[in-house]
Amino acid sequence: MPPKELDGSASVLAFFGAEIRYWRGQRNMSQEKLGDKLFCSPSLVAYIEQAMRTPSGEFAERADDVLGTGGEFGRMMPLLQRSGFAEYFEQYARLELLATEIRCYDATTVPGLLQTEEYMRCIIRAGRPDEEEDLSEEFIVGRMGRQVILDRPQRPRMSFVLDESALRRTFAPRSVMKSQMARLIDLGGRPRICLQVLPLDCGPCVAVDGSGGILTFEEGPDFAYVEGLAGGHAFIDPVAVAKCSRRFEHLKAAALSPRQSTELIRELMEAL
């Protein structure tokens with residue numbers, strides 16, 4: 001995989017990737033050769049060097065041994081695992097393309113991967129009332145581009161839980177909401193996509209105060225994010241990711257079944 005220019009000062013993850021590339025060059029190793037010695041694929045080495053994947057603790061320890069760094073990468077791991085990414089969602093969107101499983105919960109709106117363009121336009125404009133029109137269009141083009149993953153023959157397994165309030169809240173004109181619900185019914189019926197609705201009468205439940213997602217990969221640690229009014233934060237720390245995963249499973253257990261969710265969405269759509 002050809003290297004790309006990387007600003008090692010952009011984030012801890014970027015610095016880690018730049019250092020892997022530096023030490024690999026010092027030892028005159030290709031990505032393929034380093035991957036063989038680290039018992040991983042050369043593509044994983046490339047993604048880590050490009051700050052597109054986060055390394056596991058095992059990867060860091062083996063890299064220290066193979067490259068003879070004196071423990072540099074192991075010492076970076078605590079800082080890397082605690083760090084939040086300033087451009088966390090940009091990174092999340094890139095990682096979606098590599099994931100084998102996507103789990104997502106949204107407390108206030110339909111998840112971005114499932115939005116129609118008209119619905120997305122209303123959401124973005126409502127959240128950015130003081131910004132220029134062309135800036136909103138840039139967001140729309142970029143976010144709609146993420147949905148290419150839905151039409152892949154080998155798309156990842158996807159599990160979505162959305163709050164019933166997101167369907168009842170009129171973010172958009174009735175015609176837009178109706179089209180959005182039809183879109184949800186269509187996507188919920190596709191293979192490898194599980195769509196559930198968390199009902200209003202579910203009682204006390206975890207994570208109803210925010211949104212988030214978890215990405216799982218063929219190699220390397222899971223990646224999780226949470227977001228709220230003040231912004232978002234990303235995690236690769238196994239303890240934090242495991243907590244996010246448990247919260248998501250609680251949400252799925254409290255949500256309606258996929259069949260019941262489809263029936264509810266259809267009822268709400270027909271009532272518009």
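**Close-up 1. Strand 2 is largely enclosed by the rest of the structure.** Six of the seven residues of this strand, which spans residues 157-163, are buried. The model shown here and in the other views is predicted. Strand 2 has a partner in strand 1, residues 101-106. The two run parallel and are joined by six bridges. Strand 3, residues 193-198, also pairs with strand 2. Here too the sense is parallel, and the bridges number six.

**Close-up 2. Phe-16 and Phe-73 form one of two aromatic pairs in the structure.** Their ring centres are 5.0 Å apart. The planes meet at 55 degrees, so the pair counts as tilted. An angle over 60 degrees would be needed for edge-to-face. Phe-16 belongs to helix 1, residues 12-26. Phe-73 belongs to helix 5, residues 72-82. The pair therefore ties together parts that lie 57 residues apart in sequence. Phe-16 and Phe-73 are both buried.

**Close-up 3. Tyr-22 and Trp-23 make an edge-to-face aromatic pair.** The distance from centre to centre is 5.6 Å. The angle between the planes is 80 degrees. Tyr-22 has a relative accessible area of 43%, so this residue is partly exposed. Trp-23 has a relative accessibility of 17% and counts as buried. The cut-off for buried is under 20%.

**Close-up 4. Arg-53 places its charged end over the ring of Phe-217.** The charged end is 3.7 Å from the centre of that ring.

**Close-up 5. Lys-243 is a partly exposed residue of helix 11.** The helix covers residues 238-254. The relative accessibility of Lys-243 is 46%. Exposed would require over 50%, so Lys-243 falls into the partly exposed class. Ala-224 is also shown in this view. Lys-243 and Ala-224 are separated by 19 residues in sequence. In space, the separation is 9.8 Å from C-alpha to C-alpha.

Technical notes
Residues numbered from 1 in each chain as written. Predicted model: local features only at pLDDT ≥ 70, side-chain atom pairs only at ≥ 80, totals over all residues. Heavy atoms only, no water. Buried < 20%, exposed > 50% of the residue type's maximum accessible area, 1.4 Å probe, protein only. Helix = DSSP H or I, 4+ residues; strand = E, 2+ residues; numbered from the N terminus. Pairing = 2+ DSSP bridges. Phe/Tyr/Trp six-rings, centres within 6.5 Å; stacked < 30°, edge-to-face > 60°. Lys NZ or Arg CZ within 6 Å of the ring centre and 35° of its normal.
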